[in-house]
Amino acid sequence: MPKKSMLQDTDYYHQVIDCQWACPAHTPVPQYIRLIAEGKYTEAYLLNRDSNVFPGILGRVCDRPCEPACRRSRVEKEPVAICRLKRASADFKGDIAPFLPKIPKKKNDKIIALIGAGPACLTVANDLLPLGYQVEIFEREKNAGGAMRSQVPSFRLPRKVLDEEINTILDFGATVHYSAEVTSLKELLNRKKYSAVVIGTGAQIGKDLDLPGRKSAASWCHIAFNWLASVAFGHVKTVGKRVIVVGGGNTAMDCARTAKRLGATEVTIVAPERDIEMTASPWEIHDATKEGIIIKNLLLPQSFATQKNKTGLYFRELLSCYHQKRWDPQFAKAEPVFLPCDEVILAVGQRSNYGFIDEGSGVSFASNGLPVLGPHRFQSSNPKIFFAGDAALGPKNIISAVADGHEVALSIDLFLKGKSPSERPQAKLTMRSEVLGYLQLSYRSDYVEKDRQPVPEVPLDERFDCRDTEVEKGFTTKLAQEEAQRCLNCDVQTVFSHNACISCDACVDICPEACLSITPNQSHDNLQGLKAPLLSEDQILFIGEINKGRQLMIKDEDLCVHCGACAQRCPTGAWDMQLSRIDVAKAGCHE
């Protein structure tokens with residue numbers, strides 16, 4: 001059933017800003033893109049950082065849930081390059097130190113223990129340290145960053161960028177214990193020192209394949225998680241000439257591209273899914289194939305060949321591997337396929353390690369192996385213990401871990417102030433008219449078809465000599481501002497005053513996308529007489545009664561490009577263009 005719009009309905013206006021709604025951390029995308037268009041990179045970076053904490057990192061390696069949601073892709077082929085514009089804000093920012101949160105010299109008496117120094121726990125530290133909390137981080141490795149450091153290849157994420165943004169948080173005053181793996185949660189709790197504990201240890205156990213010949217292949221078959229970490233920390237520097245990577249996700253793409261940089265001349269990714277079913281991002285697949293990596297689909301590994309002078313994998317051909325999104329392999333009637341290789345990398349998933357969580361720690365686990373978190377926003381069955389990131393909900397991505405970190409910080413702040421973590425403060429909605437006068441708006445509203453700007457890259461023949469050579473050069477300031485102009489300013493909302501409408505049809509006539517309709521009043525369940533038919537039952541509609549309830553004004557949010565033509569044309573000012581700002585609740589905002 002279509003959803004009615006009301007000025008007080010924060011979620012309605014939030015969902016209209018599709019990119020911000022799709023981002024797990026709810027980054028205010030149109031706002032920072034407008035700042036980039038104006039050349040205000042420092043301001044754009046700081047606005048980004050408030051939500052996603054790591055603009056330079058995520059501007060390179062984010063999974064970009066915002067881009068498939070971008071309204072531009074509904075009227076043109078490609079969305080705005082939101083992610084790479086985020087990177088531009090980091091590349092061209094000035095000194096941000098004067099604008100960072102001020103850390104109080106006087107601390108409160110609460111000490112928070114963070115187990116793991118990945119994106120989730122770093123975000124918790126980022127949010128709690130400015131509130132006067134003391135934070136101690138226990139990290140197994142010699143450096144902070146978690147999977148951002150060990151799993152993302154340096155040709156995608158330079159260590160300089162990683163260190164800069166991590167150190168910004170650590171310099172707030174966190175105490176970090178490196179090479180300090182926590183082996184007993186109960187022992188940590190028994191210190192009676194910590195008011196709350198956050199477990200953000202990620203999903204650091206790569207999955208294996210229990211197939212015939214696997215043990216004999218131990219010397220040349222590697223688990224992706226361990227292998228990428230070994231490369232990142234300098235333990236693995238070469239690889240065989242022929243490499244097979246098993247898996248269809250982004251980790252498989254990273255492994256394959258890394259193998260090319262370590263000397264492999266023939267790299268093949270083998271996945272059981274069809275190409276359109278692979279979980280890897282389309283741009284990751286594109287980057288891998290551009291570098292000469294072969295992808296073979298509909299092949300399921302069966303056994304390892306371990307005879308003398310014959311190493312490789314046997315596969316069975318598949319007709320399909322999923323039925324209604326459930327694993328249900330259907331095999332082709334064909335002989336096994338043998339693919340020879342020198343080394344195999346298994347990128348078939350990963351899981352969390354909860355071995356350090358002793359019995360008696362008060363933490364319960366569900367049948368799926370994940371912690372029971374209940375309704376209290378990442379709070380476990382032991383109220384002092386919280387989970388964040390992959391350790392909480394299973395493997396996802398960096399931006400989801402950041403979003404979890406914000407949620408956990410808010411939960412801890414509420415909990416330690418005697419409030420229920422489930423009683424979250426509401427998002428704050430503020431709106432301001434952008435209509436300056438007749439046919440005049442305060443923002444650039446013209447809609448012009450414009451192709452997405454390609455990101456400059458290092459030529460293929462210069463990429464493989466050094467593993468640390470970053471492939472993408474990033475936008476220049478000129479390209480960034482060109483691309484920023486493609487944003488349709490979806491946060492400038494069309495707001496309707498039904499009492500001012502005179503049913504003159506002027507807005508309907510001038511709308512370039514046929515997103516406005518005036519119909520007789522009717523049931524909202526089966527709307528008739530729309531200028532553009534509904535493509536889905538989930539389509540967001542504005543519906544308002546006009547002409548003393550005899551008619552309906554209907555606006556299809558999926559079609560609207562926020563050009564403001566309706567507001568400029570309306571003779572009575574019934575339509576207004578209002579800039580909306582939605583501030584999602586964070587730790588400290590409830591005071």
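Contact here means heavy atoms within 4.5 Å. This is a predicted model, in which local features need pLDDT of at least 70 and side-chain atom pairs count only at pLDDT 80 or more, while totals for chains, interfaces and linings use all residues. Residues are numbered from 1 along each chain as its sequence is written, and side-chain values use heavy atoms, with hydrogens and water left out.

**View 1. Helix 3 meets helix 18.** On one side sit Ile33, Ile36 and Ala37 of helix 3, and across from them Ala480, Gln481 and Ala484 of helix 18. Sorted by type, the contact has five nonpolar residues, one polar and no charged (Ala, Val, Leu, Ile, Met, Phe, Trp, Tyr, Cys and Pro count as nonpolar; Asp, Glu, Lys and Arg as charged; the others, Gly among them, as polar). Helices are DSSP runs of H or I with at least four residues, strands are E runs of at least two, and both are numbered from the N terminus.

**View 2. Strand 23 pairs with strand 21 and with strand 22.** Strands pair if DSSP finds at least two bridges between them. Strand 21 (residues 516–520) runs antiparallel to strand 23, with five bridges, and leucine 516 has lysine 555 as its bridge partner. Strand 22 (residues 541–546) is also antiparallel to strand 23, over six bridges; here glutamate 545 faces leucine 552.

**View 3. The hairpin of strands 22 and 23.** Four residues separate the two strands, and asparagine 547 in the turn has a positive phi of about 55°. As for strand 23 (residues 551–556), five of its six residues are buried (under 20% relative accessible area, 1.4 Å probe, protein chains only).

Conventions. Buried means under 20% relative accessible area, exposed over 50%, partly exposed in between (1.4 Å probe, protein chains only).
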